[in-house]
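Hi,

Here is the structure I promised to pass on.

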Amino acid sequence: MTTIEYDVVVIGAGPVGENVADRVVRGGLTAAIVERELVGGECSYWACMPTKALLRSASALRAARHLPGAREAVTGDLDAVAVLGRRDSFASHWQDDGQVSWLESAGIALHRGQGRISSARVVEVTGVDGVTTTLTARHAVVVATGSSALLPDIPGLRESTPWSSREAASASSVPRRLAIIGGGVVAAEMATAFAALGSAVTVLARDGVLPSAEPFAGELVTESLREAGVSVRLGAEAVAVTRDDSGTVHIETAAGERVEADEVLVAVGRTPNTQDIGLDRIGLAPGAWLAVDDTLRVVGGGEWLYAAGDVNRRVLLTHQGKYQARAVGDVIVARAKGEKVEDGRWGRHVATADERAVPQVVFTDPEIASVGLTAAAAEAAGLRIRVVDYDLGAVAGASLHADGYRGHVRMVVDEDRKVIVGFALAGPDVAELIHAATIAIVGEVPLDRLWHAVPAYPTVSEVWLRLLETYGR
């Protein structure tokens, strides 16, 4: 057995783990990263990049069809084979050579295999050849193992070989019929993508479509999916699943309805990848989410153990995980060097934005972009709020952007502080508008000052002026 010592050992080489290791090395420490699959993680191969590649071509085609002149130039339908080919390129054809090369250039050591914590600051890595290497961390071990799709206990589901988000993102062909169990982000995006690619899609949305978003978002996406030919069954709960000898999947709902499909995608949530990383060796529960303090140290794990990204359940989004990673890497360096730890609100070594300033985009038709609290969440947090709504399609820039532009925007204002605490948009291409709201919320910019942030005309961003006018001065 070989033993190697580093300042920091990171378990998981997805975007979060990569960023932790990079910050550590930039801070002057040594780092090793452990990965059992592909360097680059879920986002690179089975989530963010490939799924958005599946969606983008259809989005561009829809945009052209909403513009006279461009509409007449469109003579064919979406080429599914070309879309899948472009998706493959964004997933690097499921090869991680480029990511491995980046690790080498950044001075980060890579150990392939299953990493398990064996004791304080010690990680044992078992390679595919069965050989075990022991890594000892002088300062910290960081768990950045992410999450996997949750498979609910529906009778017959596991035996029916369902798709998870991974199989949907990497599908080599388009199924003639696709059933989706769930109504959240993955379900809505994949329903949008596969309907555009030619599948007959049925969505069983027990809790509704995009139930965590502002209500208007789910309503607009549901309407759009139905216009695209998707059968959206709100409140439908799958209670039994079977796959027959011909390969057809049969789904029974609690209401007695039956759905037939060639593939079934399960998109009902996530579960942490902590089952086999040695948590039991240090008094923590295998398979559990890892609770962390403000500096992302694992509660009950000792001063040397940290967790960043999905695995700590704060926010299950890649960009927030990378944000946490920067804070983790920097605080480990600060503590190793005996420097001051800035752990106050909005400090360098904490992830304050996780609490009330998380931006998210759902790449459906229409796009949904949001940051901060929904109106319901703000009220639940005890804030005295005022909600300001506006028809995004009524803005001059929107009418130029596309004929028949449909959209909506909501601003949630904390009335005691006169600052924005929530912002949500629905409409074509609103993804690029959300960062302005993120800055306003993080910066706690008073509404009186926002009057002086004049939006250019004629752009869709003019909606900021319309919201302030509706709110009143």
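Below is what turned up, going from the backbone to the cores and then to the charged pairs.

First, the ground rules. This is a predicted model, so local features need pLDDT of at least 70 and side-chain atom pairs count only at pLDDT 80 or more, while totals for chains, interfaces and linings use all residues. Residues are numbered from 1 along each chain as its sequence is written, and side-chain values use heavy atoms, with hydrogens and water left out.

Most residues other than glycine have a negative phi, and most peptide bonds are trans. Here are some exceptions. The bond from aspartate 365 to proline 366 is cis, with omega near 0 degrees. Proline 366 sits in the loop between strand S17 (359–362) and strand S18 (367–372). (Helices, H or I with at least four residues, and strands, E with at least two, are DSSP runs numbered from the N terminus.) Tyrosine 457 and proline 458 are also joined by a cis peptide bond, with omega about -5 degrees; proline 458 is in the loop between helix H14 (447–450) and helix H15 (463–471).

As for phi, serine 92 is not a glycine but has a positive value of about 55 degrees. You'll find serine 92 in the loop between helix H4 (80–90) and helix H5 (97–106). Histidine 93 lies in the loop between H4 and H5 too, and its phi is positive as well, near 55 degrees.

Leaving aside neighbours within four places in sequence, threonine 192 is in contact with Leu55, Arg62, Leu225, Thr364 and Asp365 (contact means heavy atoms within 4.5 Å). Threonine 192 is buried, at 8% relative accessibility. (Buried means under 20% relative accessible area, exposed over 50%, partly exposed in between, with a 1.4 Å probe and protein chains only.)

**Nonpolar cores**

The largest nonpolar core has 49 residues, and Ile117, Val141, Leu305 and Ile332 touch the most other members. (Such a core is a set of buried Ala, Val, Leu, Ile, Met, Phe, Trp, Tyr and Cys residues joined through side-chain atoms within 4.5 Å.) Strand S6 (132–143) and helix H9 (318–336) are among the elements that each supply at least two residues of this core, and S6 gives the most, with six. Not counting residues up to four places away in sequence, isoleucine 332 touches Val8, Leu29, Ala140, Val142 and Tyr306. Apart from this core lies another, of 34 residues, including Ala195 and Val209.

**Charged pairs**

The whole structure has 34 salt bridges (a side-chain nitrogen of Lys or Arg within 4 Å of a carboxyl oxygen of Asp or Glu). In one of them, glutamate 214 pairs with arginine 410, the closest N and O atoms being 2.9 Å apart. Glutamate 214 is in the loop between strand S9 (200–205) and helix H8 (215–227) and arginine 410 in strand S20 (residues 408–414), so the pair ties together parts 196 residues apart in sequence. Both partners are buried: glutamate 214 at 6% and arginine 410 at 16%.

Arginine 345 and glutamate 444 form another salt bridge, at 3.2 Å between the closest N and O atoms. Here arginine 345 is exposed, at 56%, and glutamate 444 is partly exposed, at 28%. Salt bridges that share partners join Arg345, Asp414, Arg417 and Glu444 into one network.

Cheers
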